[in-house]
Amino acid sequence: MAAPRLPSSAPPTDLPQAPQRPAAVQLRARRSNRLIVIGVLCACLGALIMAWAWTGTQESQTVVVMAADVARGEQLEAADLTTTTLGRADGVTVVPADRVAGLVGKFALVDLPAGSLPGPDAIGSHLVPAGAAQLGLKLAAGRLPSQPVPPGTRIWLIAVPGPMDSDTTPGAQYEAIVASTPQATADGSGWLVDVQVEEIVAGQVAALAAVDRVAVVRRGDG
């Protein structure tokens with residue numbers, strides 16, 4: 001009697017085959033949540049930086065700044081002024097850069113050191129106070145202190161004897177304020193300076209100055 005025939009272990013050849021993936025088709029990689037979060041954070045950071053830069057640009061301003069020292073009472077020249085860009089400065093009064101040309105020829109109403117920011121009230125017309133008069137003096141060498149007497153210095157104008165006077169007693173003295181920085185004369189023999197005096201004595205001082213009989217003395221509280 002023949003033994004029973006066992007089924008063959010070979011796979012059947014008539015079963016349907018799984019379709020093959022074309023070589024040009026690539027499987028999409030699974031997205032990484034970490035990369036997504038990093039991307040969102042970078043985008044937010046970039047937006048914040050752009051907003052900060054835009055805000056800084058909006059709050060910055062170009063203003064007038066002193067390029068040289070200018071004493072009170074001195075007239076400003078173009079070389080004395082320049083401009084700079086500043087950020088927001090609450091409580092600081094400044095002059096916009098587009099007004100720099102209009103400041104040339106005006107006068108410093110306060111001392112303006114180089115690098116300082118002049119305010120609108122620091123530069124203006126050179127006005128003589130009510131009840132005062134301003135006049136220019138030409139002083140011989142030795143009639144002006146050797147130490148600086150910048151504008152605003154309080155001085156005495158003292159009537160001195162003339163070269164032909166036998167009386168050497170000093171005459172009247174007048175309170176005054178230096179109105180401009182003394183400048184040497186062209187020949188270097190003396191000084192030119194503007195002073196402010198009381199209006200009532202301006203004529204007397206002018207008469208003394210005309211005959212070279214004025215000397216300047218710096219006051220102790222000046």
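Trainee: In what order do the elements of the protein run from the N terminus on?

Mentor: The order in this predicted model is α-β-β-α-β-β-β-β-β-β-β-α-β. That comes to three helices and 10 strands, where helices (H or I, at least four residues) and strands (E, at least two) are DSSP runs numbered from the N terminus. Residues are numbered from 1 along each chain as its sequence is written. Local features need pLDDT of at least 70 and side-chain atom pairs pLDDT 80 or more, while totals for chains, interfaces and linings use all residues, and side-chain values use heavy atoms, without hydrogens and water.

Trainee: Where is Asp80 found, and what is the nearest side chain of opposite charge?

Mentor: Asp80 lies in the loop between strand S1 (61-66) and strand S2 (81-86). The nearest side chain of opposite charge is Lys106, 14 Å away; Lys and Arg count as positive, Asp and Glu as negative, and His and the chain ends are not counted. A salt bridge requires a side-chain nitrogen of Lys or Arg within 4 Å of a carboxyl oxygen of Asp or Glu, so Asp80 has none.

Trainee: With which residues is Asp80 in contact, leaving aside neighbours within four places in sequence?

Mentor: Contact means heavy atoms within 4.5 Å. By that criterion, the partners of Asp80 beyond those neighbours are Val65, Met66, Ala67, Ala68, Val70 and Gln75.

Definitions and conventions: Buried means under 20% relative accessible area, exposed over 50%, partly exposed in between (1.4 Å probe, protein chains only).
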